[in-house]
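Please keep the sequence and the coordinates at hand while reading.

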Amino acid sequence: MLTECLGLPHISTGEMLRDGIRHGAGIDAAVAATMHAGSLVSDAVVDSMVEERLGRADAAKGFVLDGYPRTLAQARHLWDWLKRRGIPEVVIHLAVDYNVIIARLTGRRECPRCGTPYNVALRPPKVDELCDLDGEKLIVREDDREVVIRQRLNAYETETRPVLEYLRTAGGRVIEVDGSYDPPEKLYRKISQAIENG
Ligand SMILES: [Zn+2]
């Protein structure tokens, strides 16, 4: 919703990495194994992937980064990159209760054929466990299993939470939004209001 309204590309490092694994494009087996274990992929891999993406024509007027920066080193890298180019930023911190996150992620399903995302609680398919578009049996992504999710939350605490502090200290414009209970439409309104008011 945000990227549509702003007319900017949505750049998701998670999607880029998963696409890379699916198509075998430049992502090696070690990176795939790291992701499947719920750990974070190395900074150098992600930094160069993002830089390459931000250099494309459609990102010239701006972009929405999703899932990046995720570590302190990535945040420093991105911050320098932005400041060197004089690009202003808004940091949106979506805070969600951990129990809510776990319930939400374990409900996620994905069509292995066309990639359409579903959620058994929030966005169920018309027929149980089957894709609306092509009838393929839906799958649980390897990194959405609960044990992997807990690993990802640990990685968030130790590696990503310091990013927020770094960006605040560096003078970044940080917007706090509670994302625990509101539907996407309401969250979208909260975020665009916060951007306008800030
Ligand atoms: Zn499908």
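How many helices and how many strands does the secondary structure of the chain comprise? The model, which is predicted, contains eight helices and six strands. Read from the N terminus, these elements follow the order α-β-α-α-α-β-α-β-α-β-β-α-β-α. The chain has 198 residues, of which 37% are buried. Among contacts with a separation of 6 or more, 62% are between residues 24 or more positions apart.

Thr3 belongs to helix 1, which spans residues 2-6. Its relative accessibility is 19%, and because buried means under 20% relative accessible area, Thr3 counts as buried. When residues up to four places away in sequence are set aside, Thr3 touches Leu8, Pro9, His10 and Val64.

The structure holds one aromatic pair, formed by Phe63 and Trp81 in an edge-to-face arrangement. The ring centres are 6.4 Å apart, and the planes make an angle of 65°. Phe63 is located in the loop between helix 4 (43-54) and strand 2 (64-66), whereas Trp81 is in helix 5, so the pair ties together parts that are 18 residues apart in sequence. Both partners are on the buried side of the cut-off: Phe63 has a relative accessibility of 18%, and Trp81 has one of 7%.

Helix 5 also contains Leu82, a buried residue with a relative accessible area of 5%. Beyond its neighbours within four places in sequence, Leu82 is in contact with Phe63, Ile87 and Glu89. Phe63 is thus a partner of Trp81 in the aromatic pair and also a contact of Leu82.

Helix 5 has a further relationship, with helix 7. Two packed helices are described by the angle between their axes and the distance between the axes. For helix 5 (residues 72-85) and helix 7 (residues 146-169), the angle is about 35° and the axes are 8 Å apart. On the helix 5 side, the contact involves Leu72, Ala75, Arg76 and Trp79; on the helix 7 side, it involves Glu159, Pro162, Val163, Tyr166 and Leu167. By residue class, this contact comprises seven nonpolar, no polar and two charged residues.

A zinc ion provides the next site. Its protein donors are the SG atoms of Cys111, Cys114 and Cys131, together with two OD entries from Asp134, at 2.3 to 2.6 Å from the ion. Along the chain, the donors follow the spacing C-x2-C-x16-C-x2-D. Cys111 lies in the loop between strand 4 (108-110) and strand 5 (117-119), and Cys131 lies in the loop between strand 5 and helix 7, so this pair ties together parts that are 20 residues apart in sequence. Cys111 and Cys131 are both buried.

Is Ser192 buried or exposed? With a relative accessible area of 18%, Ser192 is buried. Its side chain reaches the backbone oxygen of Tyr188 at a distance of 2.7 Å.

Technical notes. Residues numbered from 1 in each chain as written. Predicted model: local features only at pLDDT ≥ 70, side-chain atom pairs only at ≥ 80, totals over all residues. Heavy atoms only, no water. Buried < 20%, exposed > 50% of the residue type's maximum accessible area, 1.4 Å probe, protein only. Polar contact = N/O pair within 3.5 Å; in protein donor to acceptor, adjacent residues only side chain to side chain. Axes fitted to C-alpha atoms, helices over the stretch in contact; angles between N-to-C directions. Helix = DSSP H or I, 4+ residues; strand = E, 2+ residues; numbered from the N terminus. Contact = heavy atoms within 4.5 Å. Nonpolar A, V, L, I, M, F, W, Y, C, P; charged D, E, K, R; others polar. Donors = N, O, S within 2.8 Å, 3.2 Å for Na, K, Ca; no water. Phe/Tyr/Trp six-rings, centres within 6.5 Å; stacked < 30°, edge-to-face > 60°.
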